[in-house]
Amino acid sequence: MLLIKILLAEDVHMVRGALIALLELEQDLQVVASVARGDLIVPSALEARPDVAVIDIDLPGVDGLTAAAELHRRVPECRTLILTSLGRPGTLRRAMAARVSGFLLKDSPPNRLAQAVRSVAAGQRVIDPELALSAWEAPDNPLSPRETQVLRLAARGADAVEIADHLYLTQGTVRNYLTAIVDKLQARNRIDAIRIAEEAGWIP
């Protein structure tokens, strides 16, 4: 029997323990590493050399999609399965861009997780059909990469001065970006623009 080695990344201790117990009920699955932070995924994978990394999308340190993209670069033989409670089309598109192999909602039936791990380990893609359809039908992100950076920082509470310092821009340029973002998203204001972008999954 081929044993599939798994790295599990989940920041909620109780959920992480439950997932480990669920996976290890299967004779062909073994959790060889578990972490609670996104920035620990790659170092743990380099040490444990798992076949599949099961990654929660919302992690402290580094978010799950950023970690998945880095994992693909550093440990390309390890396939990734993203777990999320947010079935947003934009989030799925970001996951695909990060070269993940699977995208599973946390409220899926328990047996779906084990089967998804096996499918991903076998080189298949695993995506919820309804979510895939909604991603196909959803509009593209109208924001440029720089506008997305600006809005992401604004969503984290940074003001124009902080955004300008972080991105090496003038405050006037940042304000121009914010105005353009509000216009493109047809938002009432900056807060509304953040809400629209977060709901669409355009900013992590």
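Where is the place of Y168? Select Y168 in the loop between α8 (160-167) and α9 (171-184); helices (H or I, at least four residues) and strands (E, at least two) are DSSP runs, numbered from the N terminus. This is a predicted model, in which local features need pLDDT of at least 70, side-chain atom pairs count only at pLDDT 80 or more, and totals for chains, interfaces and linings use all residues. Residues are numbered from 1 along each chain as its sequence is written, and side-chain values use heavy atoms, with hydrogens and water left out.

Y168 has a positive phi, near 55°. Its relative accessibility is 78%, so Y168 counts as exposed (over 50% relative accessible area; buried is under 20% and partly exposed in between, with a 1.4 Å probe and protein chains only). Next, select Q186 in the loop between α9 and α10 (190-200). Q186 is exposed at 72%, and its phi is positive too, near 50°. Most residues other than glycine have a negative phi.

Now show the sheet. Six strands form an open sheet with parallel pairing, in the order β2-β1-β3-β4-β5-β6; two strands pair if DSSP finds at least two bridges between them. β2 (29-35) and β6 (126-127) are the edge strands, each with a single partner, so one side of each has no neighbour in the sheet. Between β4 (residues 79-84) and β5 there are four bridges, and T84 stands opposite L105 in β5.

Finish at S101, in the loop between α4 (89-97) and β5 (102-105). S101 is buried, at 9% relative accessible area. Leaving aside residues up to four places away in sequence, S101 touches R79, T80, V120, Q124, R125 and V126, where contact means heavy atoms within 4.5 Å.
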